[in-house]
Amino acid sequence: MEKTNDSMLTEFVLVGLSAHPKLQTVFFVLVLWMYLIILLGNGILISVIIYDFHLHTPMYFFLCNLSFLDICYTSSSVPLILDSFLTLRKKVSFPGCMVQMFLSFAMGATECVLLGMMALDRYVAICSPLRYSAIMTKGVYVPMAAGSWVTGLVDSMIQTSLAVQLPFCTNNVIHHFVCEILAVLKLACADISINVISMAGSNLIVLVIPLLVISISYIFIVATILRIPSTEGKRKAFSTCSAHLTVVIIFYGTIFFMYAKPKAKASAGADNQDIIEALISLFYGVMTPMLNPLIYSLRNKDVKAAVKNMLTSKQ
């Protein structure tokens, strides 16, 4: 481990799957393939939404933000993950690690809040369809999206600034693919109770509260759909929010497992658990952004029509 004269840590070592070289090759190809799909799928979705004025609605505005967010999130971590697969022990400078941790945490927190905002949008659309245009004006949904970004960035700034102040003495080996905040906190050689309390507050703001908003919104949405007399009406109403609900289940199913219970420090024999958590983090960080554009477009007639129109006009 490299140190300066004042014993301050200057770099971290990312272990990842270095103990499993065959798996590294497989995961490199898999993650690279998924990253290209993420860039292509979300890029096309953003272009289609901007191109077709019929999609200039609050729902697609939020979706455009979600796609851009997924591109930013994966671009802040996937290149480092791919690089770690190519080297036995990937070294990352302390400032570089903190920057990458800040960006990844900010994008993840922003997506949590944004999914809650999208649930509110679907609640108004299903439960108050006649007043939807009057309620969800540009002066409402733009600040909602902006608030999601500000919340994520501020939350990440707080968590990262607290982590930067911690001393890291002897162990600089991160059992992860990237500088994930919980993996970094485990290496601190000081009391991290303040960080744990801060993370608990962060969980409440960006995980629990948005999840409560989503849950309550869908309780009212389901109740409203059940009151629709016709089967066709129920199907159309549910189809407008089924994609969002699917994304929420996939997203929260992995991220809540990772961050709901921040740990103080890992025990000496917890390497296998670290690898499992790293793989779950990899699934959350790559699989979900890859699935989002597919989920929102495969069964969406508006998006399909917009893609067809865009391709036809270019031809």
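**Cysteines and helix packing in a predicted model**

Cys 179 is buried, at a relative accessible area of 1% (buried means under 20%, exposed over 50% and partly exposed in between, with a 1.4 Å probe and protein chains only). This is a predicted model, where local features need pLDDT of at least 70, side-chain atom pairs count only at pLDDT 80 or more, and totals for chains, interfaces and linings use all residues. Residues are numbered from 1 along each chain as its sequence is written, and side-chain values use heavy atoms, with hydrogens and water left out.

Cys 179 pairs up with Cys 97 in a disulfide, the sulfur atoms sitting 2.0 Å apart (a disulfide is a pair of cysteine sulfur atoms within 2.5 Å). The link is left-handed, with -125 degrees about the S-S bond. It ties together distant parts of the chain, 82 residues apart: Cys 97 belongs to helix H3 (residues 94-127), and Cys 179 to the loop between strand E3 (173-174) and helix H6 (181-185). Helices (H or I, at least four residues) and strands (E, at least two) are DSSP runs, numbered from the N terminus. Cys 97 is buried too, at 0%.

As for helix packing, the axes of H5 (residues 138-164) and H7 (residues 193-226) come within 10 Å and cross at roughly 170 degrees; axes are lines fitted to C-alpha atoms, for helices over the stretch in contact, with angles from 0 to 180 degrees between N-to-C directions. H5 is therefore roughly antiparallel to H7 (angles over 145 degrees; under 35 is roughly parallel, 65 to 115 roughly perpendicular, the rest oblique).
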